[in-house]
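Subject: Handover of a structure

Hello,

I am passing this structure on to you, with the sequence and the coordinates together. My notes follow below.

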Amino acid sequence: MARTPSYLRTGRLRAAAVASCAVLVLAGCSFGEPEPDPAGQPPNLPTPSASADPGGGETQVVATVLAKGLRVPWAIAFLPDGGALVTERDSGRILQVGPESGPEGLTVSVVQTVADVAPGGEGGLHGIAVSPDYQRDRTVFVYYTTERDNRIARMELGGRPAPILTGIPKANIHNGGGLGFGPDGHLYASTGDAGDRALSQDRDSLGGKILRITRDGKPAPGNPRADSPVWSLGHRNVQGFGWDAGKRMFAVEFGQNTWDEINQITRNGNYGWPTVEGRSDDDRYADPIVQWPTGEASCSGLAVTEQLLATACLRGERVWLVETTEAGTVLGQPREVLTGRYGRLRAAVAAPDGSIWVSTSNHDGRGEPAPEDDRILRLVLADGGAGRS
């Protein structure tokens with residue numbers, strides 16, 4: 001008989017009581033850049049981590065496997081009942097994970113398959129966002145690749161998607177795909193340059209941008225140009241973004257060969273690609289708040305909770321934790337957790353209980369899948385921040 005998982009009943013999971021988990025010592029910080037996204041399958045099951053914080057203490061990080069046997073889970077969005085919707089890039093399926101559970105973890109069921117998805121390379125079913133008024137309108141939004149373009153559609157689960165924004169450039173690489181509602185109630189989407197660098201600086205193109213639209217797909221009021229959905233430009237390939245308690249937007253970006261980045265996103269901000277990668281002396285472009293060499297990062301998802309940014313990395317096979325001040329600046333040095341434990345990591349999202357959910361991406365064509373891949377992990381930080389126990 002299905003039962004409600006303990007984390008939904010208690011709201012917090014104490015690190016000392018987590019079953020099937022180990023506590024690891026996190027390595028010191030190192031930085032890395034991203035690679036193009038692969039197509040694929042799930043990763044292995046690693047042990048949790050602990051690492052020295054900037055103040056010299058230790059960060060206890062406990063990872064629990066919530067679900068396994070998925071195939072390239074790309075994005076995670078929570079429903080009002082505490083369950084989550086998870087997209088699979090290559091299959092085009094939308095899964096519901098929880099809130100019920102059984103002996104193997106949270107219950108996983110297929111909600112529907114988005115028929116128009118045309119997977120290939122980094123293309124497929126990407127972001128998913130749950131309407132802030134879901135209990136009333138039962139609406140979700142999805143970002144996906146078709147034979148002609150990348151597009152955003154809205155739908156009720158089980159129903160036919162109704163496109164609201166089409167014509168986003170598509171290619172075998174750099175399709176972007178992030179989707180989420182901001183504190184202002186508008187829908188934000190991140191797009192890639194689709195392998196054509198010039199698109200990122202072309203204000204008339206939807207490629208290489210962060211877009212801000214209404215729920216009908218129209219340019220949101222207050223955009224830099226009233227007739228355009230473009231909110232910021234100069235991006236190479238943004239997949240993950242989120243907002244902190246001060247309503248500041250942050251996004252993680254794949255660099256090319258030198259630097260991967262986390263940027264604070266502002267209205268009409270220009271983030272420099274392809275002229276600039278990483279920090280520069282050119283005041284036309286916004287500098288990242290953090291940058292890593294691509295081999296230590298290539299991060300996709302970004303969870304923002306309280307004053308903590310947690311980004312899940314593909315090539316770097318780790319989660320980077322970045323603490324911020326109340327003003328939104330970086331506090332101390334980034335810390336890495338789960339390094340090499342679960343293989344390639346993709347989605348990262350703050351859960352309603354304050355923990356962080358992360359997905360593996362070992363079946364994406366670039367990983368080495370373990371028998372239980374791909375998985376959904378739940379991370380709890382015992383020293384403070386997300387999922388504080």
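In what order do the strands S20, S21, S22 and S23 stand in their open sheet, and is the pairing parallel or antiparallel? The order is S20-S21-S22-S23, and the 4 strands pair in the antiparallel sense. S20 and S23 are at the edges with a single partner strand each, so one side of each has no neighbour in the sheet. From one strand to the next, the twist in this sheet averages 20 degrees.

Please keep in mind that this is a predicted model.

Confidence

The protein has a mean pLDDT of 86, and 83% of its residues reach 70 or more. Two stretches should be read with that scale in mind. Over residues 1–57 the pLDDT stays under 50, and the model has 243 contacts for them beyond four places in sequence. Residues 384–389 also have a pLDDT below 50, with 22 contacts in the model beyond near neighbours in sequence.

Strands and hairpins

Within the sheet described above, strand S22 covers residues 319–324 and strand S23 covers residues 330–337. The two run antiparallel and are joined by 5 bridges. Two of the residue pairs can be looked up directly: Thr-324 has Val-330 of S23 as its bridge partner, and Trp-320 stands opposite Glu-336 in S23. S22 and S23 form a hairpin with 5 residues between them. In its turn, Gly-328 has a positive phi of about 90 degrees.

Another hairpin is made by S10 and S11, with 5 residues between the strands. Strand S10 holds residues 150–156 and strand S11 holds residues 162–168; they pair in the antiparallel sense over 4 bridges. Asn-150 is placed opposite Ile-168 in S11. Gly-158, in this hairpin, takes a positive phi near 90 degrees.

There is also an open sheet of 4 strands in the order S16-S17-S18-S19, with antiparallel pairing. Its edge strands are S16, residues 238–243, and S19, residues 290–293, and each of these pairs on one side only. The twist here averages 15 degrees from one strand to the next. Strand S18, residues 259–265, is joined to S19 by 4 bridges, and the two run antiparallel. As one of the pairs, Asp-260 has Trp-292 in S19 as its bridge partner.

Pocket and cavity

The largest pocket holds about 800 Å³ of space. Its lining consists of 31 residues, and those nearest the centre are Ile-76, Leu-179, Gly-180, Val-349 and Ala-350. Which elements give two or more residues to this lining? They are strand S4 (73–78), strand S8 (125–130), strand S12 (179–181), S16, strand S20 (299–305) and strand S24 (345–350). S16 and S20 have already come up as edge strands of their sheets.

The largest cavity has about 60 Å³ of space. Among the residues that line this cavity are Arg-236, Glu-253, Phe-254, Gln-256, Glu-261, Tyr-271, Trp-273 and Glu-277. The lining of the largest cavity divides into 4 nonpolar, 4 polar and 4 charged residues.

Backbone

Where are the cis peptide bonds in this list? One runs from Gly-98 to Pro-99, with omega near 5 degrees. Pro-99 belongs to strand S6, residues 93–102. Another cis bond runs from Asp-373 to Asp-374, with omega near -10 degrees. Asp-374 sits in the loop between strand S25 (356–360) and strand S26 (376–381).

Ala-194 has a positive phi, near 55 degrees, and is a residue other than glycine. Ala-194 lies in the loop between strand S13 (187–190) and strand S14 (209–213). Why list these places at all? Most residues other than glycine have a negative phi, and most peptide bonds are trans.

Regards

Technical notes
Residues are numbered from 1 along each chain as its sequence is written. This is a predicted model: local features need pLDDT of at least 70, side-chain atom pairs count only at pLDDT 80 or more; totals for chains, interfaces and linings use all residues. Side-chain values use heavy atoms; hydrogens and water are left out. Two strands pair if DSSP finds at least two bridges between them. Axes are lines fitted to C-alpha atoms, for helices over the stretch in contact, and angles run from 0 to 180 degrees between N-to-C directions. pLDDT is the predictor's confidence in each residue, from 0 to 100. Contact means heavy atoms within 4.5 Å. On a 1 Å grid over the protein atoms alone, a cavity is a set of points where a 1.4 Å probe fits but cannot get out, and a pocket is an open set with protein on both sides within 12 Å along at least five of seven lines; lining residues have an atom within 4 Å of a point. Grid points are joined across faces, edges and corners, and a volume is the space filled by probe spheres set on the points. Ala, Val, Leu, Ile, Met, Phe, Trp, Tyr, Cys and Pro count as nonpolar, Asp, Glu, Lys and Arg as charged, and the others, Gly among them, as polar.
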